[in-house]
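This report describes one protein chain, from its overall make-up to individual residues. Please look over the sequence and the model before reading on.

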Amino acid sequence: MTYRIQLDMQTQQFLAIDVKNQNHIGTGRTIEQAVAQLQHK
């Protein structure tokens, strides 16, 4: 899976976003948590 990482400055949450499906998003306090959540969806 290819994804991009984004930081929401207001919530201080990282977002891991699937580049092939922009609606497939994982969030977390760390990049690792965001990626793990994305992979488990």
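Which residue in strand 3 does Phe14 stand opposite? Phe14 stands opposite Gly28.

## Basis of the description

This is a predicted model, in which local features need pLDDT of at least 70 and side-chain atom pairs count only at pLDDT 80 or more, while totals for chains, interfaces and linings use all residues. Residues are numbered from 1 along each chain as its sequence is written, and side-chain values use heavy atoms, with hydrogens and water left out.

## Overall make-up

The chain contains 1 helix and 3 strands. Helices (H or I, at least four residues) and strands (E, at least two) are DSSP runs, numbered from the N terminus. Along the sequence the pattern reads β-β-β-α. The C-alpha trace spans about 25 × 15 × 15 Å along its principal axes.

Of the 41 residues of the chain, 24% count as buried. Buried means under 20% relative accessible area, exposed means over 50%, and partly exposed lies in between (1.4 Å probe, protein chains only). Among contacts between residues at least 6 apart in sequence, 9% join residues at least 24 apart; a contact means heavy atoms within 4.5 Å.

The 3 strands form an open sheet with the order 1-2-3 and antiparallel pairing. Strand 1 and strand 3 stand at the edges with a single partner strand each, so one side of each has no neighbour in the sheet. Neighbouring strands of this sheet are turned against each other by 20 degrees on average, direction ignored. Angles run from 0 to 180 degrees between N-to-C directions, and axes are lines fitted to C-alpha atoms, for helices over the stretch in contact. Two strands count as paired if DSSP finds at least two bridges between them.

Strand 1 (residues 3–8) pairs with strand 2 (residues 13–18) in the antiparallel sense over 6 bridges. Tyr3 stands opposite Asp18 in strand 2, and Leu7 stands opposite Phe14 in strand 2. The hairpin of strand 1 and strand 2 has 4 residues between the strands, and Gln12 takes a positive phi near 60 degrees there.

## Strand 3 and its two faces

Strand 2 also pairs with strand 3 (residues 25–28), in the antiparallel sense and over 4 bridges. Between strand 2 and strand 3, which form a hairpin, there are 6 residues. Gly26 in strand 3 is the bridge partner of Ala16.

In a regular strand the side chains alternate between the two faces of the sheet.

Helix 1 (residues 31–39) lies across strand 1, strand 2 and strand 3, and runs at about 145 degrees to strand 3. Gln39 lies in helix 1. With a relative accessibility of 49%, Gln39 counts as partly exposed. Gln39 and Gln13 are 26 residues apart along the chain, and their C-alpha atoms are separated by 17 Å.

Asp18 is found in strand 2. Asp18 is buried yet has no salt bridge, and the nearest side chain of opposite charge, Lys20, is 6.7 Å away. A salt bridge is a side-chain nitrogen of Lys or Arg within 4 Å of a carboxyl oxygen of Asp or Glu. For charge, Lys and Arg count as positive and Asp and Glu as negative, while His and the chain ends are not counted. The side chain of Asp18 reaches the backbone nitrogen of Lys20 at 2.9 Å. Residues up to four places away in sequence not counted, Asp18 touches Met1, Thr2, Tyr3, His24 and Leu38.

Where does His24 lie? His24 is in the loop between strand 2 and strand 3, and at 16% relative accessibility His24 counts as buried. The side chain of His24 reaches the backbone oxygen of Leu38 at 3.2 Å. Apart from neighbours within four places in sequence, His24 is in contact with Met1, Ala16, Ile17, Asp18, Leu38 and Lys41.

Notes. Polar contact = N/O pair within 3.5 Å; in protein donor to acceptor, adjacent residues only side chain to side chain.
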